[in-house]
There are 2 protein chains.
Amino acid sequence: MAKGRTTMADVARRAGVSSATVSMILSGRPDTRFSQETHARVHQAAAELSYRPNAAARALRTDRSHALAFISDHVATTRFANGLIRGALKGSARAGQMLMVMETGGVPEREALAIDSALDRQIDGIIFASMRAREITLPKTPPAIPMVVLNGTSSQCPSWVLPDEEGGGREAVRLLAEAGVAGEVALIGINEEEERGLFRSLPIQRRLAGIRAGMAERGLAFAHEVSIWEWEPARGFEAVAALLASGDRPSALLCLNDRLAFGAYQACAEAGVRVPEDLSIVSFDNDELAAYLRPGLTTIALPHDRMGELAVDRVLAQSQGEELVPMPAVVRGSIRGAG
Amino acid sequence: MAKGRTTMADVARRAGVSSATVSMILSGRPDTRFSQETHARVHQAAAELSYRPNAAARALRTDRSHALAFISDHVATTRFANGLIRGALKGSARAGQMLMVMETGGVPEREALAIDSALDRQIDGIIFASMRAREITLPKTPPAIPMVVLNGTSSQCPSWVLPDEEGGGREAVRLLAEAGVAGEVALIGINEEEERGLFRSLPIQRRLAGIRAGMAERGLAFAHEVSIWEWEPARGFEAVAALLASGDRPSALLCLNDRLAFGAYQACAEAGVRVPEDLSIVSFDNDELAAYLRPGLTTIALPHDRMGELAVDRVLAQSQGEELVPMPAVVRGSIRGAG
DNA sequence: CCGTCTTGCTAAAACGATTTATCAATTTGG
DNA sequence: CCAAATTGATAAATCGTTTTAGCAAGACGG
């Protein structure tokens, strides 16, 4: 007793039963028949000794670890990572699971290594997360273990969790239309190759498809379509500055992400264009930025928390197929007449 | 062989030796004396069967798991979390350790629970991370396991990793002084109570101490000191807008974090004040924002990646005492004459 | 009164590694 | 030539659970 933790044998001794009895009672097996009194004695002994089971022994015996692996390409580079991780953390806490986080940098060898070391540890399931939604190529033969791809797709894994980009695209159009500013809209950030699926970013393709469908349903067309390859503030600034200087000013901007919108705000500030009086802006992602801008940026949010949670649920339930998570509109002050 | 993974016994059988031999050779024990030939046979057999040791069995026997617990109060709320996690991930990968991430919300019961479940799993060490630097109260008696407090302090744990806020404060003053704009500086965001240590945020106290020391060493004094409780863009905007309207305009702003500086940029834009021609700005944190602003914001960076890495190193080395990680200046365009 | 059921519990064999004690064959030393 | 040391390896115990097979005692049925 002086040395080491209290073990199940200690509990058994104190309760005056065998350790098999302790094991069965504490793990709450359904079809056993111990007396009420034995139940009570065991529970009391365990409590008195503040017994905690040894996870390694249990994992060795049962081949399950009550832990999930969260393997991602980049925790670092994107500000979205913690949404996904936070959601996964919440989901796994609720399911009584631990989360082992690994990062691969997207390098195939490291991905294989991560999966191997997950398997070494009798992991109960793997969440393979991509920080930038993309088609994921899993290493060699997928192991015989529940798996889900989070924020990406993969032909080797039958279960995906993705944002409902198409719905989100429609939603953005709806916001503009209902505010009555859909007449003169500039679409900022399209990319020909992307749209045709050449770069296999399925989500972005769907986002655009939703936007175009929404416009078409309302019989609307864009006044401008500005192509931008790199969705960063500086590019958004340049594009919108040029647009505002052109004389043919739009009454609304539909930016394909918040960073472009941020650049647009800067261009407006320098050109003396007021948001939303002169120009309404809506975009996508609900980046942390969006709340800081003046006026607050109305944006269609990426539901990363929810996605992380669902990934855990699905990997534990071994669900198959694609799960689309709705992208809620976060209405702030950047659309005239709304918010 | 058809059922389950290949085990050490399989390797032993194929190499024609005992499993004790396999264990000792594969784990590279130093003082054993097996023939070269046996070494080769064992390694070859292991490779041919692509043997991987069962982590649970090993943990059960050795009481070590080759895994660290990263227990934090909030992964969510702050954008700094992934810097710390990323660093810890990098450090643990290098040390051949896994990282189990847990989140407690700062709730004492959940903190205790997290520590308990870490101990259940024969964790090799605990990194207790605070997302907002603060004094951490660890649950009850600290367990007999290596521990380090990351981005916080604790009287119950002898090892801390903190940013060198005092050096950072000095550095900010140096940048302004060398640009020759230190004469008319407004300090944005002080807080009386904080500075006197009433809210036990040691780092912020030190940041201010460094700033004041830097000014004093140069025989300088602030032209304005604006007190702000909540360091958010909206508050920075209000404060700086008022300052610019006052007629007694400073030539430089020393903002206590990037979000305040962001608010300051907005106030400048509305007041027609140009950065850095009319007003130089420097701040702290190197938030993602800082790179997006026009001109880029010069800021003293919080070295979260490095801190996360060091935390791992220290917990494995069982180092004691306080480690101060330098805060590097990231020079962009917001100070006149520099960058 | 004897066989069969049910009740309440336990003995002992896994799980797959590590580690201690030991052993048989050589080599070495005196 | 014999005792002691060295070399190269192994048998078996151990870590702390879970789980299968089964045991003893009383209840029940006919």
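## Pairing across the chains

Strand 2 (residues 98–103) of chain A pairs with strand 2 of chain B in the antiparallel sense, over three bridges. Strands pair if DSSP finds at least two bridges between them; strands (E, at least two residues) and helices (H or I, at least four) are DSSP runs, numbered from the N terminus. M100(A) stands opposite M100(B) in strand 2 of chain B.

This is a predicted model, in which local features need pLDDT of at least 70 and side-chain atom pairs count only at pLDDT 80 or more, while totals for chains, interfaces and linings use all residues. Residues are numbered from 1 along each chain as its sequence is written, and chains are lettered from A and ligands numbered from 1 in the order in which they are written.

## The interface

The contact takes 36 residues from chain A and 36 residues from chain B, where residues are in contact if their C-beta atoms, placed from the backbone, lie within 7 Å. The elements of chain B that each supply at least two residues to the side touching chain A include these:

| Element of chain B | Residues |
|---|---|
| Helix 5 | 81–94 |
| Helix 6 | 108–120 |
| Helix 11 | 258–271 |

Because 100% of the interface residues of chain B are also interface residues in chain A, the copies meet through the same surface.

A rotation of 180 degrees with 0.0 Å of shift along its axis superposes chain B on chain A (RMSD 0.0 Å), by least squares on C-alpha atoms of residues with pLDDT of at least 70 in both. That is the relation of a two-fold axis.

How values were computed. Contact = placed C-beta atoms within 7 Å.
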